Amino acid sequence: MGGDRHGHLLFDPLQNLARIEETMVRIKAVASLSAVFASVDVSEGGAEVGASALKVVSAMADPGPDATGFGAKVSAASLCASCAALLERCGVSEDVKKELREVYAKIASDDAPIMRRAAAHELAG
């Protein structure tokens, strides 16, 4: 087991690492998720892979009331571009792409300056 065909299996464990408040762990997890998003095989079940990737980003963008810090949201901001590229490769509907844009817009309009800065950094990057 391994390779691009099974890359989607890494979404959940990497999401857990991308939520951690330790900056270096989070940065490496986001880089790994971005790499998996870029290389995952979408020839079979592309829509499901795209939906799973969007679920990862959406869950981190809205971590819930128990969340502490901004780690998950910063990670979500960092993953929006690579998730958008994956969704494009998957050939998902415009509604799914719109949902990702809404996630990004929510991050970009967050009350916390650190979140708006993270969203702007990713837009410029």
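Phe37 counts as buried, because its relative accessibility is 0%. Buried here means under 20% relative accessible area, exposed means over 50%, and partly exposed lies in between, with a 1.4 Å probe and protein chains only. Please keep in mind that this is a predicted model, in which local features need pLDDT of at least 70, side-chain atom pairs count only at pLDDT 80 or more, and totals for chains, interfaces and linings use all residues. Residues are numbered from 1 along each chain as its sequence is written, and side-chain values use heavy atoms, with hydrogens and water left out.

What does Phe37 pair with? Rings of Phe, Tyr and Trp (for Trp, its six-membered ring) pair if their centres lie within 6.5 Å; planes under 30 degrees apart count as stacked, over 60 as edge-to-face and the rest as tilted. By this rule there is one aromatic pair. Phe11 and Phe37 form that pair in the edge-to-face arrangement, at 5.2 Å centre to centre with 85° between the planes. The pair links distant parts of the chain, since Phe11 belongs to helix α1 (residues 11-18) and Phe37 to helix α2 (residues 23-39), 26 residues apart. Phe11 also counts as buried, because its relative accessibility is 2%. Helices are DSSP runs (H or I, at least four residues), as are strands (E, at least two), numbered from the N terminus.

Let me turn to helix α2. Its 17 residues should span 24 Å at 1.5 Å a residue, and its end C-alpha atoms are 24 Å apart, which agrees. The expected span is 1.5 Å times one less than the number of residues. Arg26, Ala29, Val30, Leu33, Val36 and Phe37 are the buried residues of α2. Seen down the helix axis, they fall within an arc of 125°, so they line one face of α2; the arc is that of the directions from the axis to the C-beta atoms. Lys28 and Ala38, on the other side of α2, are exposed. The cover over the buried residues of α2 includes α1, α3 and α4, where contact means heavy atoms within 4.5 Å.

Next comes helix α3. This helix (residues 46-61) has 16 residues and reaches 23 Å from its first C-alpha to its last, close to the 22 Å expected at 1.5 Å a residue. Its buried residues include Gly46, Val49, Leu54 and Met60. The buried residues of α3 pack against α1, α2, α4 (71-90) and α5 (94-108). Ser52 is also found in α3, and this serine is partly exposed, with a relative accessible area of 33%. Ser52 and Phe11 are 41 residues apart in sequence, yet 7.8 Å apart in space, C-alpha to C-alpha.

One further residue deserves mention. Arg5 lies in the segment before α1 and is exposed, with a relative accessible area of 57%.

Finally, the chain as a whole. The protein chain has six helices and zero strands. Its radius of gyration is 14 Å, close to the 14 Å that the globule rule gives for 125 residues, so the chain is as compact as a globular protein of that length. That radius is taken over C-alpha atoms, and the globule rule is 2.2 Å times the number of residues to the power 0.38. Of the 125 residues, 38% count as buried.
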